[in-house]
Amino acid sequence: MELPEILFNPLVRGIIGICLMSAIFLGAMAAVWFERKLSADIQQRYGPMRTGPHGLLQLVADAIKLFTKEDIIPKNADRLLFVAAPIMMMGSVFLVLVAIPFGAIIINGNTYPIAATEMDISILYIEAVSAISIIGIFMVAYSSNNKYSLLGAFRNFARMIGYEVPLGISIVSVAIMAGSLNIVEIAQAQHPLWFVFKQPIGFIVFFIALMADMGRLPFDQNESEEELIAGWITEYTGMRFGLGFFAEYIHLILGSMLVVLLFLGGWNLPAVLTSNTILGIILPTVFFLLKVILVMLFIIMLRWAVPRFRIDQVVDISWKKLLPLALLNLGWVIALGLLGV
Amino acid sequence: MSGIIDISNIIYSYIPVAIILVVALMMPPLTMFLVKSLSPRSKAAAKYDTYEAGSVPIGDARIQFNVEYYLYAIAFVLFDIEVLFLYPWAMIFQGHGITEIATVEMLVFIFVVLFGYVYLLKKEALKWQ
């Protein structure tokens, strides 16, 4: 069975991309519910319980609330930047989404990734466009004319600047090992052995840097509720806040996908399992998404296990620990490559 | 990875990017339009004040960056460009018959940058004040 040619038409791929956009919106809503329930569980609370079974409809209620809240722009705010900032953040996460495959269909041993597009340099592209989100965060903070927001944004800058470099070097190490910058080929290259076993240091560096990139605890210095109110997003209310909030959760899901694609083997399964057509269509994607959920679970649990770092500690970790470790990992990968392993 | 690159393929792979970008940029304004038509509106002057910490904010919040951020920014530019140079090398690392020579050249490059890194550390330029 061959896939029809029309599926490779760029316009059709664009429509697939829009479907993936809606899917990730639902996914982000589910992730918010998941995080609230899990956090409650860790703190021995119930979390949302009253809306639907186990609070499943809580997110619908929240969405209705956000949609019917008045849109307030503070009078001291820079109106243009204030309005443009959520657009910037949404644009950034959705540009990342374009290049990330959400799984794959394997038919007769051929792999067709479920993605809006397949580029030769997708990993470089992802790194480039995900860096745009920091501009969105700074626009939020600068436009709101709020001292605490601006403090949060400054810390955000210092953090992102530090973690972009180890992130880049560990991605290069992966690219060397896979011999490609195409994220699909990188996932395929991990067929017998996942990269997390081939370069464990690289995985640790990448994971920590990614946590910082996503602004998750222990790296949420831009928010740090205890000292900066709500950090960079304090002045935002209603749906404008909702957009920024959702952008962060979409970032979380996409980041977890990136971890699975680059280090945890993507959708690769033993060939026996995917030889059957129906299994080949279903299993790889299910397997992939299962791993993504596990990574998210880990990230959320880490939130309640590790206290937030001080900003000077954060900067020190990136420049004095992660950067040398990333270079060490690069040396390890070069050595493996020269030995032909 | 053949020598000949098909330009039309590259352009095709970016058409979905353009489509998604347009949709993504349109989404927040559309959402806000929906909010405007659904939400109540009232004009109370206090509502439009800056919230900040709950009390009336003193002075303007837009201050200049502390100069120490620039040190980090310069170091960042230095190392990020280094990483950019690593990408093309990563692509030719295997299967092009020039692995050894390319690696030696890249190691020399990395050591030069590492020298700068050690210098930064010794100067305590990367120390948060």
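This is a predicted model: local features need pLDDT of at least 70, side-chain atom pairs count only at pLDDT 80 or more; totals for chains, interfaces and linings use all residues.
Let me start with the contact between the two chains, which takes 62 residues from chain A and 51 residues from chain B, two residues being in contact if their C-beta atoms, placed from the backbone, lie within 7 Å. On the side of chain A that touches chain B, the elements giving two or more residues are α1, α3, α6 (147-178), α11 and α14 (311-339) of chain A, where helices (H or I, at least four residues) and strands (E, at least two) are DSSP runs, numbered from the N terminus. The largest share of that side, 15 residues, is given by α6(A). By residue class, that side divides into 36 nonpolar, 14 polar and 12 charged; Ala, Val, Leu, Ile, Met, Phe, Trp, Tyr, Cys and Pro count as nonpolar, Asp, Glu, Lys and Arg as charged, and the others, Gly among them, as polar.

Residues are numbered from 1 along each chain as its sequence is written, and chains are lettered from A and ligands numbered from 1 in the order in which they are written.

Turning to chain B, we find three helices and zero strands, and buried residues make up 15% of its 129 residues; buried means that 20 or more other C-beta atoms lie within 10 Å of the residue's own, exposed that 12 or fewer do, and partly exposed is in between, with C-beta atoms placed from the backbone. Helix α1 of chain B, residues 7-38, reaches 47 Å from its first C-alpha to its last, close to the 46 Å expected at 1.5 Å a residue, that expected span being 1.5 Å times one less than the number of residues. What buries part of this helix? The buried residues of α1(B) include B:I19, B:I20 and B:P28, and what covers the buried residues includes α1 (10-42), α3 (79-99) and α11 (238-262) of chain A.

Leaving aside residues up to four places away in sequence, A:L97 touches A:L20, A:M21, A:I24 and A:L254.
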